[in-house]
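Please walk me through this structure.

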Amino acid sequence: MNRLRIQIMNHFDRKSHEYKALKRYWRLIQKDSRKLSDKRFYRPTFRLHLTNNEIFEKLLAYSQELREHYELYQLLLFHFQEKQTNRFFELIEETIFCVNPIFQTVFKTFLKDKDKIMNALTALLKRETRGD
């Protein structure tokens, strides 16, 4: 996700507001959307008091490609965290040919190591149910 953000960020002029905002709030794009803070803070980049959700919406408004890939990233993250391996890999297989080449490379690696990933998640799930 970070490499895609950089690619999109580089389409803007280095002195532009969009470039600076995408550069400054890079962690927000990588963060799980369910864990974004609701507290308002003064944000010098925007010269406003904003929550992380509000900043995030402003960042995604800069690029439709960033928005689409972020939504896919969040969905994959959710399925992975919930150890829903079938849905995780189905989503990858459905979208691999219509995503940015950066994502395609990662998806191909996931598919290549599918058995290893599934075994690791299954082992974690078993360990959690046993209470280890």
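Q: What kind of residues make up the lining of the largest pocket: nonpolar, polar or charged?
A: This is a predicted model. In it, the lining divides into twelve nonpolar residues, no polar ones and no charged ones.

Q: Which residues line the largest pocket?
A: They are Met-1, Tyr-73, Leu-76, Leu-77, Phe-80, Phe-88, Ile-102, Phe-103, Val-106, Phe-107, Phe-110 and Ile-117. Met, Tyr, Leu, Phe, Ile and Val count as nonpolar, so the lining has twelve nonpolar residues.

Q: How much space lies in the largest pocket, and which elements give two or more residues to its lining?
A: The space comes to about 260 Å³. Helix 5 (64-81) and helix 7 (101-112) each give two or more residues to the lining. Helix 7 gives the most, with five residues.

Q: Why is Thr-95 called buried?
A: Its relative accessible area is 15%. Buried means under 20%, so Thr-95 is buried. Thr-95 lies in helix 6 (residues 85-95).

Q: What does Thr-95 touch, leaving out residues up to four places away in sequence?
A: Thr-95 touches Leu-72 and Phe-107. Phe-107 also belongs to the lining of the largest pocket.

Q: What makes Leu-59 and Phe-107 stand out in the largest nonpolar core?
A: They have the most contacts inside this core, which has 31 residues. Several elements give two or more residues to the core, among them helix 1 (2-9), helix 2 (17-24), helix 4 (52-61) and helix 8 (114-130). Leu-59 touches Ala-21, Leu-22, Tyr-25, Leu-28, Ile-29 and Leu-66, not counting residues up to four places away in sequence.

Q: How do you know that Asp-32 and Arg-34 meet in a salt bridge?
A: Their side chains are 3.1 Å apart, N to O. The cut-off is 4 Å, so the pair counts as a salt bridge. In general, side chains of opposite charge can pair when their charged atoms come close.

Q: Why does the pair of Glu-54 and Arg-40 tie together parts of the chain?
A: Their closest N and O atoms are 2.8 Å apart, in a salt bridge. Glu-54 lies in helix 4 and Arg-40 in the loop between helix 3 and strand 1 (41-43), so the pair ties together parts that are 14 residues apart in sequence. Glu-54 is partly exposed, at 28% relative accessible area.

Q: What makes Arg-67 and Glu-57 a link between distant parts of the chain?
A: Their side chains meet in a salt bridge, 3.3 Å from N to O. Arg-67 is in helix 5 and Glu-57 in helix 4, ten residues apart. Glu-57 counts as partly exposed, at 42% relative accessibility.

Q: What is the pattern of the chain along the sequence?
A: It reads α-α-α-β-β-α-α-α-α-α. That comes to eight helices and two strands. Buried residues make up 36% of the 132 residues in the chain.

Note on methods
Residues numbered from 1 in each chain as written. Predicted model: local features only at pLDDT ≥ 70, side-chain atom pairs only at ≥ 80, totals over all residues. Heavy atoms only, no water. 1 Å grid on protein atoms, 1.4 Å probe; cavity = no way out; pocket = protein on both sides within 12 Å on 5 of 7 lines; lining within 4 Å. Points joined across faces, edges and corners; volume = space filled by probe spheres on them. Helix = DSSP H or I, 4+ residues; strand = E, 2+ residues; numbered from the N terminus. Buried < 20%, exposed > 50% of the residue type's maximum accessible area, 1.4 Å probe, protein only. Contact = heavy atoms within 4.5 Å. Core = buried A, V, L, I, M, F, W, Y, C linked by side-chain atoms within 4.5 Å.
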